[in-house]
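Please find my notes on this model below.

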Amino acid sequence: MKHTEAWQRTTPNEIKIGLISISDRASKGVYTDEGLPALKAWLQNALSTPCVFQERLIADEREIITETIVDLVDELGCDLILTTGGTGPSRRDVTPEATMDAGTREMPGFGEQMRQISLRFVPTAILSRQTAVLREIEDHTALIINLPGQPKSIKETLEGLKDADGKSIVPGIFAAVPYCIDLIGGPYIETNEAIIKAFRPKSAIKK
Ligand SMILES: Nc1ncnc2c1ncn2[C@@H]1O[C@H](COP(=O)(O)OP(=O)(O)OP(=O)(O)O)[C@@H](O)[C@H]1O
Ligand SMILES: Nc1nc2c(c(=O)[nH]1)N[C@H]1C(S)=C(S)[C@@H](COP(=O)(O)O)O[C@H]1N2
């Protein structure tokens, strides 16, 4: 495949992250989108290695969501995509279906763990159908993860739950993301341990 300039990394460990906020009302301007700023702020604090972002605010339309994911991976070379919104049970909530349409293999552990974390915060966590997939194309693979739409759920699910001393009670899903990105051939990313400690088996840790 021929790649555009957008594919180039400024440094070998730079990760390209696509952020997609999916909300009918925020995309129409009925309210201000808080999803993209919350995602970006959390990631900028959590990552200690370089990152670049591509941001999209779109309506709850299955085909548009799939096309946006495909464009971010296939045309812009994103390694990781985080979506927020559209995972609930109402008719307009189609993010998991659109994500599956863009994926080549499902990664069900992310959704399972997020529902476990979110149940510590709200009993309605079981209403979220969020999932994760890999999109594997000819010479590139990306991880795509759905987060719920409530802006506060972004920090909760990525970071998990901590006690008053900052000790982890339920690990956030982002702990597993750096090693997953290693395994799919992406850049070696590192995190700020005060926010989220990345877990890698000893043999995979680069000193
Ligand atoms: N992108 C967003 N920015 C700010 N607040 C949001 C956003 N998405 C959701 N919320 C808030 O979380 C609540 C529950 O999220 P949910 O996804 O169920 O929203 P929704 O009512 O389906 O949104 P929409 O109609 O815009 O798609 C919303 O009522 C709203 O207050
Ligand atoms: N961590 C967390 N998870 C959460 C919530 C929340 O407030 N915090 N809200 C729940 C609710 S009320 C719903 S309906 C589902 C789906 O939300 P979405 O349609 O905005 O994705 O996420 C659930 N998961």
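1. A residue counts as near a molecule if one of its heavy atoms lies within 4 Å of it. The model is predicted, and the points below should be read with that in mind. Around ligand 2 there are 17 residues. Thr87, Gly88, Ser118, Gly149 and Glu156 are the closest.

2. Polar contacts of ligand 2. A polar side-chain atom of Glu156 is 2.6 Å from a nitrogen atom of ligand 2. For Ser118, a side-chain N or O atom lies 2.8 Å from a nitrogen atom of ligand 2. Gly149 contributes through its backbone: an N or O atom there is 2.9 Å from an oxygen atom of ligand 2. On its own, ligand 2 has 530 Å² of accessible area, and the protein covers 82% of that.

3. Setting of ligand 2. The ligand sits in the largest pocket. Helix H6, residues 151–159, gives the largest share of the shell, with three residues. By class, the shell around ligand 2 holds ten polar, four nonpolar and three charged residues.

4. Which residues come nearest to ligand 1? They are Ser23, Arg25, Asp33, Glu34 and Asp60, out of 14 residues around ligand 1.

5. Polar contacts of ligand 1. Ser23 places a polar side-chain atom 2.5 Å from an oxygen atom of ligand 1. The side chain of Asp33 has an N or O atom 2.7 Å from a nitrogen atom of ligand 1. Tyr31 also takes part, with a side-chain N or O atom 3.1 Å from an oxygen atom of ligand 1. The protein covers 71% of the 590 Å² of accessible area that ligand 1 has on its own.

6. Setting of ligand 1. The space that ligand 1 takes is the largest pocket. Helix H1, residues 24–28, supplies three residues, the largest share of the shell around ligand 1. That shell divides into six polar, five charged and three nonpolar residues.

7. Annotation. An unreviewed UniProt entry carries the annotation "domain: MoaB/Mog" for residues 18–168. In the model, residues 18–168 are 39% helix and 25% strand. The end C-alpha atoms of this span lie 27 Å apart.

Terms used
Residues numbered from 1 in each chain as written. Chains lettered and ligands numbered in written order. Predicted model: local features only at pLDDT ≥ 70, side-chain atom pairs only at ≥ 80, totals over all residues. Heavy atoms only, no water. Polar contact = N/O pair within 3.5 Å; in protein donor to acceptor, adjacent residues only side chain to side chain. Areas by Shrake-Rupley, 256 points an atom, 1.4 Å probe, with all protein chains shown as cover. 1 Å grid on protein atoms, 1.4 Å probe; cavity = no way out; pocket = protein on both sides within 12 Å on 5 of 7 lines; lining within 4 Å. Sits in = over half its atoms within 2 Å of the grid points. Helix = DSSP H or I, 4+ residues; strand = E, 2+ residues; numbered from the N terminus. Nonpolar A, V, L, I, M, F, W, Y, C, P; charged D, E, K, R; others polar. UniProt positions renumbered as here; feature names shortened; annotations may be inferred.
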